[in-house]
Each structure stands twice: as C-alpha cells, then as structure tokens.
Amino acid sequence: MTRDEFKILAKGMKAVYTQPTFLPDADAFNVWYSLLQDLDYMVAQAAIQKYMLTNKFQPTIADIRALAAEITNDDIPDWGSGWQQVCDAMKKYGREYPKSAYKSMHPIVAEAAQQMGAWWDLCTSNNIDTDRANFRMIYEQIVNRENTAKQLPVRLSNLIEQVRESGKLLEGGE
C-alpha cells in the first residue's frame with residue numbers, strides 16, 4: 001500500500017480512536033506505515049474496518065496484521081472439517097493408498113495427519129476419540145504457525161531466515 005493510502009486508513013483510525021496517544025506524531029505514523037506497508041491496501045482496509053467494528057480499544061500493528069492474515073487465509077478449514085477430510089480419506093482410500101489419501105486433503109490437513117504417525121496405524125486405530133483429540137492439537141499448532149508466518153512481512157521473514165542460516169554456519173564452524 002502506498003503512503004497516501006495508509007494516510008487515509010490512519011485518519012479513519014484516528015477518527016474512531018481519539019486518544020491522544022494513538023498515532024500521536026509523524027514518528028508514530030512512520031513506524032506504523034513501515035510495518036504495514038507490505039499489506040495490500042484492500043486487505044489492510046478490510047482488516048482495519050473489521051477491527052474498528054469489533055473492538056472498543058485502539059489496535060496494535062499486530063492486531064491489524066493478524067486480521068489481515070485471517071482475511072487472506074480463508075481457505076484453511078477449521079480442525080473439525082480437517083478431521084472429516086481425514087475420515088473421508090480413510091473410507092475412500094483405506095490403509096493401502098496413503099499417498100492418494102494425503103493428496104485428497106487440504107495440505108495442512110495432510111501435514112497434521114502425517115504428523116500423527118503411519119497412515120496404516122491411523123486407519124486401524126480403535127481409539128477414534130484420542131486420534132481426533134491428537135489431530136486437533138497438531139492441526140491447531142500447524143495453523144497457528146502458518147498464521148504467524150503469514151503475519152510477518154516478507155522482508156522480515158527473509159531476515160529471520162538469514163539470521164538462522166548464519167547461526168547454523170557458526171555452529172558448524174566451531
């Protein structure tokens with residue numbers, strides 16, 4: 001989004017959140033803009049409007065980025081729908097065709113199912129309640145990781161990756 005587009009959004013937020021501490025000066029505006037500028041204007045506008053309609057207190061940058069990630073992640077099924085995909089795949093493909101079963105699922109659902117262990121074991125399990133609970137726990141962790149990753153600007157994700165890689169280089173060289 002451009003600086004002028006963000007200026008429009010900031011004026012709207014200032015009209016709703018009238019505390020003098022909210023975006024009090026040009027420095028605050030610049031910080032907010034620098035941390036939100038990578039968002040598409042329409043996504044940022046939708047996130048900010050949703051926030052203003054559902055929250056009494058002034059937003060943080062993290063609040064706006066979380067809503068923007070939520071808006072753009074609408075294709076991720078909830079855990080219950082994900083578990084249904086797993087059950088449907090077990091019925092359709094059985095224990096002999098795990099690759100076809102995983103391909104039939106949303107990628108995050110397939111990742112959670114794979115983290116539960118061998119497809120054969122999942123298909124032959126007699127403890128469906130425990131399997132469902134374990135799937136939910138694993139699935140929600142994966143979705144949270146994905147949402148957090150989506151909230152970060154690409155340039156920050158790249159910087160984090162560079163730091164991690166340089167740490168690996170240092171560990172290997174010691």
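Helices here are DSSP runs of H or I with at least four residues, numbered from the N terminus. The model is predicted.

Q: Where is Leu 23 placed?
A: Leu 23 belongs to the loop that joins α1 to α2, the latter covering residues 26-36.

Q: Why does Leu 23 count as buried?
A: A residue is buried under 20% relative accessible area. Leu 23 has 10% relative accessibility, and therefore counts as buried.

Q: Why are α1 and α3 called roughly parallel to each other?
A: The term applies to angles under 35 degrees. Helix α1 (residues 3-16) and helix α3 (residues 41-54) pack at about 5 degrees, their axes being 11 Å apart. The two helices are therefore roughly parallel.

Q: Which residues of α1 and α3 meet?
A: From α1 come Glu 5, Ile 8, Leu 9, Gly 12, Met 13 and Val 16, and from α3 come Tyr 41, Ala 44, Gln 45, Ile 48 and Met 52. By class, this contact has 8 nonpolar, 2 polar and 1 charged residues.

Q: What makes the pair of Tyr 17 and Phe 22 edge-to-face?
A: Ring centres must lie within 6.5 Å to form a pair, and planes over 60 degrees apart count as edge-to-face. For Tyr 17 and Phe 22 the values are 5.9 Å centre to centre and 65 degrees between the planes, and the pair is edge-to-face. Both Tyr 17 and Phe 22 are buried.

Q: How is the pair of Phe 22 and Trp 32 classed?
A: With 5.5 Å centre to centre and 80 degrees between the planes, the pair of Phe 22 and Trp 32 is likewise edge-to-face. Phe 22 lies in the loop between α1 and α2 and Trp 32 in helix α2, so the pair ties together parts 10 residues apart in sequence. Ring pairs link Tyr 17, Phe 22, Trp 32 and Tyr 51 into a cluster, and the whole structure has 8 aromatic pairs.

Q: Which residues have the most contacts inside the largest nonpolar core?
A: They are Met 1, Phe 6, Trp 32, Leu 36 and Ile 64, in a core of 24 residues. Helices α1, α2, α3 and α4 (61-72) each give two or more residues to this core, and α3 gives the most, with 6 residues. Apart from residues up to four places away in sequence, Ile 64 touches Trp 32, Leu 36, Leu 39, Ala 47, Ile 48, Tyr 51 and Pro 59. A second, separate core has 22 residues, including Trp 83, Cys 87, Phe 135 and Ile 138.

Q: How do you know whether His 106 is buried or exposed?
A: The cut-offs are under 20% for buried and over 50% for exposed. His 106 has a relative accessible area of 17%, and is therefore buried. It is found in the loop between α6 (98-103) and α7 (107-115). Beyond its neighbours within four places in sequence, His 106 is in contact with Asp 75, Ile 76, Pro 77 and Gln 85.

Q: What do the buried residues of α7 pack against?
A: They pack against α5 (79-93), α6 and α9 (128-151). The buried residues in α7 are Ile 108, Val 109, Ala 110, Ala 112 and Ala 113.

How values were computed. Residues numbered from 1 in each chain as written. Predicted model: local features only at pLDDT ≥ 70, side-chain atom pairs only at ≥ 80, totals over all residues. Heavy atoms only, no water. Axes fitted to C-alpha atoms, helices over the stretch in contact; angles between N-to-C directions. Parallel < 35°, antiparallel > 145°, perpendicular 65-115°, else oblique. Contact = heavy atoms within 4.5 Å. Nonpolar A, V, L, I, M, F, W, Y, C, P; charged D, E, K, R; others polar. Buried < 20%, exposed > 50% of the residue type's maximum accessible area, 1.4 Å probe, protein only. Core = buried A, V, L, I, M, F, W, Y, C linked by side-chain atoms within 4.5 Å. Phe/Tyr/Trp six-rings, centres within 6.5 Å; stacked < 30°, edge-to-face > 60°.
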